[in-house]
Amino acid sequence: MSAAGLVAYSSSSSSSSSEDESGCAAASPRAGPARTSMHAPRLPVPDSVLNMFRDQEEEVTDDSTKHGGRVRNFPHERGNWATYVYLPCRYAVSLTAMEEFHLSLSQSVVLRYHWINPLVQCLKERSAAFCRFFCTASQVKVYTNQHKTRTFVGLEVSSGHSQLLELVSEVDKVMEEFDLPAFYKNPSFHISLAWCVGDASDKLEGQCLQELQELVDGFEDSASLLRFHWEQIRCKCGNKVFSFPLR
């Protein structure tokens, strides 16, 4: 018998395990781990991971004017994420903040271009005798315009009402000279805060209005924040704005 015939197999399936898939003989378990002259190359670390731990060389300077005047409570650092937990609050109506807070002394009227300067001059003359004054607006109320096409949430004036009526009286006289409509009778002077399209008064009244009032009342130093000092009257005609200082 030849030397090849002296090799014993435990089973017919063991023959396949003695060779690897490439046909080379498997290493003997007594021979120890196979040695190789080349090591497997390391995979590169992604840049996104490296940047998480890389020191930021440039100092970040916050510009509060780009964030509505807000100032950070803690410095900005790369890798740090400002986090807070909250309850989402959603009202029945989506409101848009007013571009400029104001208190109306007249209706919105249509004025021909060549009448702008004469009307402005009349307003200047009639307002020159008025002194500066304060008023307080702290009661949240819902208003709609005359045609119910817009709804406003505003703060109703609670003091300074008499001075405002005197101003409206003079403005009405100017409007009458130019055959324009006067202000509303028994006006509810208010400062509009936000608005929406259509008549949404039913949705805003009740619970929603009560929550808004609680927010206003909860402001720190709300008494001083809701006290307004009127120093001038303004008239806006298209893109032109005219100011009349009070004494």
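In this predicted model, E100 pairs up with R234 in a salt bridge (a side-chain nitrogen of Lys or Arg within 4 Å of a carboxyl oxygen of Asp or Glu), with 3.3 Å between the closest N and O atoms. E100 sits in the loop between β1 (96-97) and α3 (116-127), while R234 belongs to strand β6 (residues 232-237), so the contact ties together parts that are 134 residues apart in sequence. Helices (H or I, at least four residues) and strands (E, at least two) are DSSP runs, numbered from the N terminus. With a relative accessibility of 48%, E100 is partly exposed, that is, between buried (under 20% relative accessible area) and exposed (over 50%), using a 1.4 Å probe and protein chains only.

Residues are numbered from 1 along each chain as its sequence is written. Local features need pLDDT of at least 70, side-chain atom pairs count only at pLDDT 80 or more, and totals for chains, interfaces and linings use all residues, while side-chain values rest on heavy atoms, with hydrogens and water left out.

The structure has five salt bridges in total. Another of them joins E177 to R126, at 3.5 Å from N to O. R126 is partly exposed, at 31% relative accessibility.

Elsewhere, salt bridges with shared partners connect R126, E170, K173 and E177 in one network.
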